[in-house]
Amino acid sequence: MDALAGRELIGNITLLNSKACLGSDERLPQWYSKQQQRMNKTQSTSIHNDHHHHHHNEDKYSKIHLAFMDQKDQDDDTTNVLNFIATNMESISKLPMNEGLFLAFQKVIAPYEKIMIENLEIVEMEISNQEAETTPTILIQEVEANQVLNVIPFVDAATRRKFFQARHTSEPVTPPKTFLRIKNDPSQTLFEHVIIDFSLYAVQSIVAASRAACTKLYVSMLPHSLFHYPAFSADRLEYFTNLWMRLKLPFLIFKDVQTFSGILNLLEEYFTTEELFLSDVKCSRIQLSSLGFEFASASSQQLNTFLVGPFLNDRHIENERKQLFILSKDENQRERGYFGLLEWTEKQQDIMLIILGSTMLLNEEDLFKLLNALEGSIQRNPQLSILLSLGTHNLVSFDALKQSTHSKTLISALETNSRFRKLNGFVPQKGLLSLDKVKIFLTHCGGNSINEALYFGKLLIGMPFSFDQMRLSVAIHEFQVGIPLFTSKEESKTWNVEKLSNSIQQLLYSPQSKHVYATKARHVKALMRHAGGVQKAADVIEMMLELDGDLSWTMPDKHLSWWQFYWLDIIVVYLSLLVLFIGLMRIVVMRCFIRTTTTNGKAKSE
């Protein structure tokens, strides 16, 4: 949104989300506050009949708008949502990966997506080519009423399918243009392009089937993650290189297909599988990628997929560094652990950063085990310091351990150690990762966290919990950018506390391995920095606007059926010829053998 705001071709950028999103980035409440100020100013101007407008003098952020799906204006909305996610994350993390993924969609993503579907509608308009070229985002007040041909709610799947099937069979000479609109939005803005998270399957399917322009964002999973490395359940390279492991692939893929079929069925009344496949052809796909080496992955090089790397920019990073500086000088931040933080970091040699936020929830037993491993790591590695950040729910577990007789000695030993420091609450993660003294990032292996750490060239220690985190923890090991403490649910229950200390030794202090890990981290950092990032993503979206949102015409093999795409018809023909040739040769050989046998028999009888 920040990058798009500076593009002249873009007229309006609106984020449709829950009010809970305001807490996810410091810029969102700032933009929302400016939006409210503009609305109040507009209303005041209207009341006083003042027709002097100064929109041309506003900064680029006047293009940015936030639209909330939840209409209730309650102060505790964000808290309630976070508590709900935290409660579900704790139960989800205990389940097998596929079951946990399904539960996450069932309890969190599908209800969220259903609300989004109820808030959107399709608008078809007659619009001249000149208008389309000069007005990428149009306000309904600026067009004549008779230009609006049809308005179809997202929820009305039957009408939508019937209408577009009829349109497909009898395409007009000058086809109308399709826009999206948010219901009950006072501005009635018509959106020409939609950017959708890859997990919102129903929305992306409806958009593609309605011929609206769209771009899908993939954070950690490749567009075809079931069949190519690194796949979802087939989460390690051995499944693709070792013959005996390859033989297990069909069974793992079948399990994944069952899981994703169940996920798609959660909202099956709104879209079809054919419409979902259509979105892969019609929409552009921006792959942020969790790991830099996926930028060169042959399995992801598709004509409408653009690998751009993490969404980071220097200005945002600098803002977080300034925020750290302010917090470090503020005595009121002493209780949260920020006061004097930068002075502390400068005195340390090698820092391992650990952030246990809202998606990395530990119960008291697991947190005690981790703290035990941290204390042992400090003792065995005299050059190492630890910076631990705890979110609200993990702080509850930490405080409970402080009161417990079996753990308060351990916590006291940590808190009184000059090489250990604890931060409470929300942290500026990018600002902390940008510090030179931070050498290792202990992560739950979420896509964004890995993105950011590798962008700054940090080594990784993986502590995955659920979803695709196990898969990514394996990739961390295979590409030697870090070491996972465990890579499966089974291992997570039995990992040894000494493994953390041993991993730190290998990453930073072992003469045999530290240079290998440092080189890999430096190489991946280079890939990340030169992939294009958020500006490249903005370029893709701007390009899609100029292409009228359709990349399907660029695919030379779009006319191929699936068996032609995989050369199955060629393989069958040549295999048939080979079998026929072998059969004919066998017949010839058998006849020659019989004739030779008969001749020898006659010779013997004479």
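A: Take helix 13 (residues 364-380) and helix 14 (residues 392-403), whose axes come within 9 Å and cross at roughly 75 degrees. Such axes are lines fitted to C-alpha atoms, for helices over the stretch in contact, and angles run from 0 to 180 degrees between N-to-C directions. Helices (H or I, at least four residues) and strands (E, at least two) are DSSP runs, numbered from the N terminus. The model is predicted: local features need pLDDT of at least 70, side-chain atom pairs count only at pLDDT 80 or more, and totals for chains, interfaces and linings use all residues. Residues are numbered from 1 along each chain as its sequence is written, and side-chain values use heavy atoms, with hydrogens and water left out.

Q: How is the angle between helix 13 and helix 14 classed?

A: Angles under 35 degrees count as roughly parallel, over 145 as roughly antiparallel, 65 to 115 as roughly perpendicular and the rest as oblique. Helix 13 is therefore roughly perpendicular to helix 14.

Q: Which residues make the contact of helix 13 with helix 14, and how do they divide by class?

A: Contact means heavy atoms within 4.5 Å. Helix 13 contributes Glu-364, Leu-367, Phe-368 and Leu-371, and helix 14 contributes Asn-394, Ser-397, Phe-398, Ala-400 and Leu-401. For the classes, Ala, Val, Leu, Ile, Met, Phe, Trp, Tyr, Cys and Pro count as nonpolar, Asp, Glu, Lys and Arg as charged, and the others, Gly among them, as polar. The contact has 6 nonpolar, 2 polar and 1 charged residues. As a general idea, an α-helix has 3.6 residues a turn, so residues three or four places apart point the same way.

Q: How does helix 14 pack with helix 15?

A: The axes of helix 14 and helix 15 (residues 408-415) come within 7 Å and cross at roughly 110 degrees, which means that helix 14 is roughly perpendicular to helix 15. Helix 14 passes helix 15 in a left-handed crossing. Phe-398, Leu-401 and Lys-402 of helix 14 meet Lys-408, Ile-411 and Glu-415 of helix 15. By class, this contact holds 3 nonpolar, no polar and 3 charged residues.

Q: At what angle do helix 13 and helix 15 pack?

A: Their angle is about 45 degrees, with the axes 10 Å apart, so helix 13 is oblique to helix 15. The crossing of helix 13 past helix 15 is left-handed. On helix 13 the contact involves Phe-368, Leu-371, Asn-372, Leu-374, Glu-375 and Ile-378, and on helix 15 Leu-410, Ile-411, Ala-413 and Leu-414. These comprise 8 nonpolar, 1 polar and 1 charged residues.

Q: In what order do the 4 strands of the open sheet lie?

A: Two strands pair if DSSP finds at least two bridges between them. Here the order is 8-9-10-11, and the pairing is parallel. Strand 8 (193-197) and strand 11 (305-307) are the edges, each pairing on one side only. On average, neighbouring strands are turned by 20 degrees against each other, direction ignored. Helix 6 (residues 201-209) packs on this sheet, touching strand 8 and strand 9 (213-218), and its direction makes about 155 degrees with that of strand 8. Strand 10 (residues 284-287) is joined to strand 11 by 3 bridges, and Arg-285 has Thr-305 of strand 11 as its bridge partner.

Q: Which strands pair with strand 15 (residues 438-443)?

A: Strand 12 (residues 350-356) pairs with strand 15 in the parallel sense over 4 bridges, with Ile-351 opposite Val-438. Strand 16 also pairs with strand 15 in the parallel sense over 4 bridges, and there Thr-443 stands opposite Gly-462.

Terms used
Left-handed = near helix turned anticlockwise from the far one by under 90°.
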